[in-house]
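Student: Could you show me how to read the place where two chains meet?
Tutor: Gladly; let us look together.

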Number of protein chains: 2
Amino acid sequence: MDSIMRVTVYIKIKPEVLDPQGTAIARALSDLGFAGINKVRQGKIIEIDLDKTNAIKAVSDTESMCERLLANTIIEDYSISIGE
Amino acid sequence: MDSIMRVTVYIKIKPEVLDPQGTAIARALSDLGFAGINKVRQGKIIEIDLDKTNAIKAVSDTESMCERLLANTIIEDYSISIGE
């Protein structure tokens, strides 16, 4: 039986917050000659392999991981998905 | 008519490559008392809003953006999805 449960966390900067990294990427892409770049936003993906547990506990544990460490909830939003 | 096409790029470190950031996150989570953490891997999400174009051109442009700037293809894999 598969003894690992993978949880994936997507962390994105809140829409109303400036994203200097995204702005720098957009400028660099335009400088390389890519046309039609309107906006670029950069975020993080964090894949966590947990000991097998039930999905509800995995999500609630991961939420507290986000609140306590993984996301800066003042400027970032996060979402959690179970499995690949 | 919606004049923007959003392309999302997921960039992950290749499985065979060490991920020091992921290792540091795993240790920090354990230090905070979270049990059952087996492995943590961190990657990037890049959302690009392009002028409306056809999906094939959007994907091929984004692939060359990844090859030329967004991904370090020696140690990273990338995948592209169209839309939200």
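Student: How much area do chain B and chain A bury between them?
Tutor: Buried area is the accessible area (1.4 Å probe) that two parts lose on being put together, summed over both. Here chain B and chain A bury about 2900 Å², with 62% of it on carbon and sulfur atoms. On the chain B side, B:Phe34, B:Ile45 and B:Glu47 lose the most area to chain A, together 20% of what that side buries. This is a predicted model, in which local features need pLDDT of at least 70 and side-chain atom pairs count only at pLDDT 80 or more, while totals for chains, interfaces and linings use all residues. Residues are numbered from 1 along each chain as its sequence is written, chains are lettered from A in the order in which they are written, and side-chain values use heavy atoms, leaving out hydrogens and water.

Student: How many salt bridges are there between chain B and chain A?
Tutor: A salt bridge puts a side-chain nitrogen of Lys or Arg within 4 Å of a carboxyl oxygen of Asp or Glu. The count between these chains is two, and one links the side chains of A:Lys12 and B:Glu47 at 2.5 Å, N to O.

Student: And which strand of chain A pairs with β2(B)?
Tutor: Strands are DSSP runs of E, at least two residues, numbered from the N terminus, and two of them pair if DSSP finds at least two bridges between them. Strand β2 (residues 37-51) of chain A pairs with β2(B) in the antiparallel sense over 13 bridges. Within that pairing, A:Ile48 has B:Val40 as its bridge partner.

Methods: Helices (H or I, at least four residues) and strands (E, at least two) are DSSP runs, numbered from the N terminus.
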